[in-house]
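Hi everyone, thanks for making time for this. Have a look at the model on the screen, and I'll talk you through it.

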Amino acid sequence: MSAAFKVELRRVRMPLAGEFRTSRGSESVREMLLVRWVTDNSEGWAECAADAEPVYFPERLESARLLIAEVLVPLLAKIPTIDAAGAHVAMKRVPGNPLAKAALESAILDAELRAHGMSMKSYLGGSREKIRVGVSVGICESLSDLIRQVEGYVAEGYSRVKLKIAPGWDVEPARAIRREFGEDLLLQVDANQAYTIADVSTLRRLDTFDLLLLEQPLPAEDLCGHARLAGYLQTPICLDESITSCASAATAIQMGAAQIINIKPARVGGYLEARAIHDLCLAQSIPVWCGGVLETAIGRAANLQLASLPGFTLPSDISATKRYYTKDIGQEFHIESGTISVPHGPGTGAVIDLDYLESVSVEQEWLM
Ligand code: MG
């Protein structure tokens, strides 16, 4: 094969600033795959959201690496001129695997926009300069530990707080945070699919805490359950894991299963699909916000670009760098008055620290 591009796949191990615990498990080191798309006049970077083990997403790092190397790149090599939109359509021939596709498409998009000197924000149709951001707080050992953590985040200036919940860690943490920080704190909870419709009485008790939303209480496939649950709750239901494409978003909205949608670009197969979901939601007056998966500077920069679109009216899970990493492979992001600025410059605007990247890299391969 001869093609007008080269692809580097690089496995990195990033130490996390602290352990992150959800109803699905915990992490203290983030092992991830980076994709670098190189053409004659430009290059772009993206990160794959797949974890080393399939704990949260069905794909895993190694399966994503193999799919990119053995299926997706050879598929794209057959196309004379590749851009992100063309790659998006071409990769639809391969079923599933949104994380692998998202990583490859995002690297192509970054390279394409850098070659044209255009920001991803302009390309996607965004206008906001500053993105309101919230923090996601993992499940804690104790209520006092939770209060101490939230105190720190409120002091750092986050616009809202999201508590990870699971059966046995739900009503009391929400009550404790409301009691401690008052009614003005924007507060929401995320169950990561940990409940069933039989838990309706517990979930109804959350209504008393004036939450912005209850995120993904039931299993991803259970849209009927979410629609039924919505009939019992005052708190709006936000779907995350259930939304894997624009079509699934349309179905969920139509069924009354989602009053709000968390758009995670990786989960839906990339930023082009993410924009399509945004456009659909905007037309249907469904608020959206951008979710996160412990991104490095590369994914964080791209998510800030996406969240500049007009339908992102709720604070997004795009934290300051130090929430997850003591040192990152790109520029540091800071919070100012509850917001993080969208990086300037072409593409995602990520500025990669190649020396540090080298020091956390554990494996590299070039394709083509
Ligand atoms: Mg979530």
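Quick housekeeping. This is a predicted model, where local features need pLDDT of at least 70 and side-chain atom pairs count only at pLDDT 80 or more, while totals for chains, interfaces and linings use all residues. Residues are numbered from 1 along each chain as its sequence is written, and side-chain values use heavy atoms, leaving out hydrogens and water.

Now the overall picture. The protein has 13 helices and 13 strands; here helices (H or I, at least four residues) and strands (E, at least two) are DSSP runs, numbered from the N terminus. Its radius of gyration is 20 Å, close to the 21 Å that the globule rule gives for 368 residues, so the protein is as compact as a globular protein of that length. That radius is taken over C-alpha atoms, and the rule is 2.2 Å times the number of residues to the power 0.38. Along the principal axes, the C-alpha atoms fill a box of roughly 60 × 40 × 35 Å.

What about the inside? Buried residues make up 60% of the 368. Buried means under 20% relative accessible area, exposed means over 50%, and partly exposed is in between (1.4 Å probe, protein chains only). As for contacts, meaning heavy atoms within 4.5 Å, take those between residues at least 6 apart in sequence: 72% of them join residues at least 24 apart.

The domain assignment, which is automatic or from a database, gives domain 1 (6-119 + 352-367) and domain 2 (122-341). Their C-alpha centres lie 23 Å apart, and 38 residues of domain 1 are in contact with 42 residues of domain 2.

Let's zoom in on helix H6, residues 171-181. Its buried residues are Val171, Pro173, Ala174, Ala176, Ile177, Arg178 and Phe181. And what covers them? The cover includes helices H5 (143-156) and H7 (200-205), plus strands S6 (160-164) and S7 (186-190). Just after H6, Gly182 takes a positive phi of about 80°.

Speaking of phi, most residues other than glycine have a negative one. Ser285 is not a glycine, yet its phi is positive, about 55°. You'll find Ser285 in the loop between helix H10 (271-283) and strand S11 (288-290). Leu294 also has a positive phi, near 55°, and sits in the loop between S11 and helix H11 (297-306). Buried or exposed? Ser285 counts as exposed because its relative accessibility is 64%, whereas Leu294, at 7%, counts as buried.

Last stop: two alanines. Ala103 is in helix H3, residues 98-116, and counts as buried at 1% relative accessibility. Setting aside residues up to four places away in sequence, Ala103 touches Val35, Ala46, Glu47 and Cys48. Ala103 and Tyr271 are 168 residues apart in sequence but 9.7 Å apart in space, C-alpha to C-alpha.

Ala301 is in helix H11 and is buried, with a relative accessible area of 0%. Which residues does Ala301 contact, leaving aside neighbours within four places in sequence? They are Phe333, Pro343, Thr348, Gly349 and Ala350.
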